[in-house]
Structure formats: C-alpha cells, structure tokens
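Dear colleague,

I am passing this structure on to you, with the sequence and the model shown just below. Please look it over first, and then read the notes that follow.

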Amino acid sequence: MATTPCIYIIEDEESISKLIQLYLTKEQIESKPFLNAEAALQELKEGHKPNLIILDLNLPGMSGFEFLEELQKQFSKDMPSVMILSARDTDEDIIKGLGYGADDFVTKPFSPGVLIARIKANLRRQSFFLEKMEATINFGPYSLLLGSCVLKKNGQKISLSTKEYEVLEFLVKNAGQVIAPEKIYQNVWKVEYGDITAVAVYIQRLRKKIEDNPSDCKYIKTDFGNGYIFSDEYMTKNC
C-alpha cells in the first residue's frame, strides 16, 4: 500500500521549521518537527522511519555532525536519507556532511521553492529504487517477502508451507484488525464454505514457527469469540 511521505525536520529555529512544514503540507507531505537531534534520534530508535530527515548542523546539545555519526552507528544498513540545511557553507562543512552519510546539502538562506523541488527529487529517487526492490513487510525480526512468498528472521529463511505463508500474509496485510476464521478461510482457500477448523490448525502451526512463546503470543493474538488479530505493535512504523 502506498503511504504518504513523512519528513523529519531537525531545526531549532521554529520560524524556519514552520516555513518548511507549510510548504510540505501544500505538497501533501507529512512532516514532524524536532528542536534538537536527541529527540529525533529517540523516535528513530523506537522504530519510526521517515522518508527523509532535514538536518540543521548548529543545534543545541548534539550537533548535526554528531547526529549523523550516531545514525551511522545505529542504522548503518538502513540509514534514513538525510538532507543538511545549514548556514555553514564552506567546502569543508559540505564535504564533511556528505562524508558522514548525508545525501544532499542545502545552504541558508534558501529558496523554499528550490528546497521543495530538491526534497521531491530525493523522494522520486527513493521510489525508483524501491520499485527495483522486492516489496517487503517487516515485523519484529521478521521480513515477509511478498514477491517470492518467503518469510525470513534476521535474514534467515523460515520454512513455511504454501498455505502457512498465505495465511500469514493475509493476517499481516490486515494487521490491527480482528478477522473472523470464516473470512480467513474464504480469502486464503478461495471458497465460501468448507471446514474452517483448518484455519485454527494453520494458526497454531504459524505460532510455533514465529512466536517466542506460543502460549503467550505477541504477533498472532486471539480475540475470543471473534477471530484472530495480527498485532501491529511490532511492525515497522512511518511518522
């Protein structure tokens, strides 16, 4: 499913932050402001991942450079895209920022129109690369590869039968919703009537394969009398 792009704005000057937010809103792009790098870093550690981070270098507390260094340590294999927006415009600063993992460097004062154009270009590049990659849904240490019908845990393939995979994919795609066994049966087995006890059998099999404790499930939960619900608590979050 397509999601609205989300951008973190790490800028201690509220007037600049609000100006950027205003222009992003006009482009139907979500944004979230932070007055310091520490608060943004905490959000990232909690599993939130924006499409882009706009980063000032001169910040109270942790500097922009220190933030980039911490990003590399914490998310070396999955570092969010970063655009530096700073009054510091020496070649040394630009080279240092790009060397620390930033994707772009925009100097202040800036044209809001040009900044938005560069943001949109960054988002288009991301979309291009994502189209080349296999669609994946992540939850906890697991990745569900939709194109190849494979489940992996920390990169290691988990053996699933075709029906086990189909049941899991249906639950994951409807995460956060209580789904009756009849609905699961109709959508996975592709028939309106049949032995819906098969659903409970496959749910039990899946729990044995993905739950740390099948008697106290955190992914596939039971809503007694109503059906099953795949918890969205551990799924990768956007803004």
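I begin with a pair of helices. Helix 2 (residues 37-45) and helix 3 (residues 64-74) pack with their axes 11 Å apart and at an angle of about 15°, so helix 2 is roughly parallel to helix 3, a description given to angles under 35 degrees, while those over 145 count as roughly antiparallel, 65 to 115 as roughly perpendicular and the rest as oblique. The axes are lines fitted to C-alpha atoms, for helices over the stretch in contact, and the angles run from 0 to 180 degrees between N-to-C directions. Helices (H or I, at least four residues) and strands (E, at least two) are DSSP runs, numbered from the N terminus.

The two helices meet through Ala37, Ala40, Leu41, Leu44 and Lys45 in helix 2 and Phe67, Glu70, Leu71 and Gln74 in helix 3, where contact means heavy atoms within 4.5 Å. The residues of this contact divide into 6 nonpolar, 1 polar and 2 charged; here Ala, Val, Leu, Ile, Met, Phe, Trp, Tyr, Cys and Pro count as nonpolar, Asp, Glu, Lys and Arg as charged, and the others, Gly among them, as polar.

Before going further, please note that this is a predicted model, in which local features need pLDDT of at least 70 and side-chain atom pairs count only at pLDDT 80 or more, whereas totals for chains, interfaces and linings use all residues. Residues are numbered from 1 along each chain as its sequence is written, and side-chain values use heavy atoms, with hydrogens and water left out.

Next come the enclosed strands. In strand 1 (residues 6-10), 5 of the 5 residues are buried, so this strand is largely enclosed by the rest of the structure; buried means under 20% relative accessible area, exposed over 50%, and partly exposed in between (1.4 Å probe, protein chains only). Strand 1 pairs in the parallel sense with strand 2 (residues 30-34) over 5 bridges, two strands being paired if DSSP finds at least two bridges between them, and Cys6 stands opposite Glu30 in strand 2.

Strand 4 (residues 81-86) has 6 of its 6 residues buried, and is therefore largely enclosed by the rest of the structure. Ser81, Met83 and Leu85 cover one side, and Val82, Ile84 and Ser86 the other, all of them buried. Strand 4 runs parallel to strand 3 (residues 52-55), to which 4 bridges join it, and Met83 is the bridge partner of Ile54. Another 4 bridges join strand 4 to strand 5 (residues 104-107), again in parallel, with Ser86 opposite Thr107.

Ser17 is buried, with a relative accessible area of 4%, and, leaving aside its neighbours within four places in sequence, is in contact with Ile9, Glu11 and Pro33.

Finally, there is an open sheet of 3 strands, with the order 10-12-11 and antiparallel pairing. Strand 10 (178-179) and strand 11 (220-223) stand at the edges, each with a single partner strand, so one side of each is left without a neighbour in the sheet. Helix 6 (residues 162-173) packs on this sheet, touching strand 10, strand 11 and strand 12, and its direction makes about 70° with that of strand 12.

With best wishes
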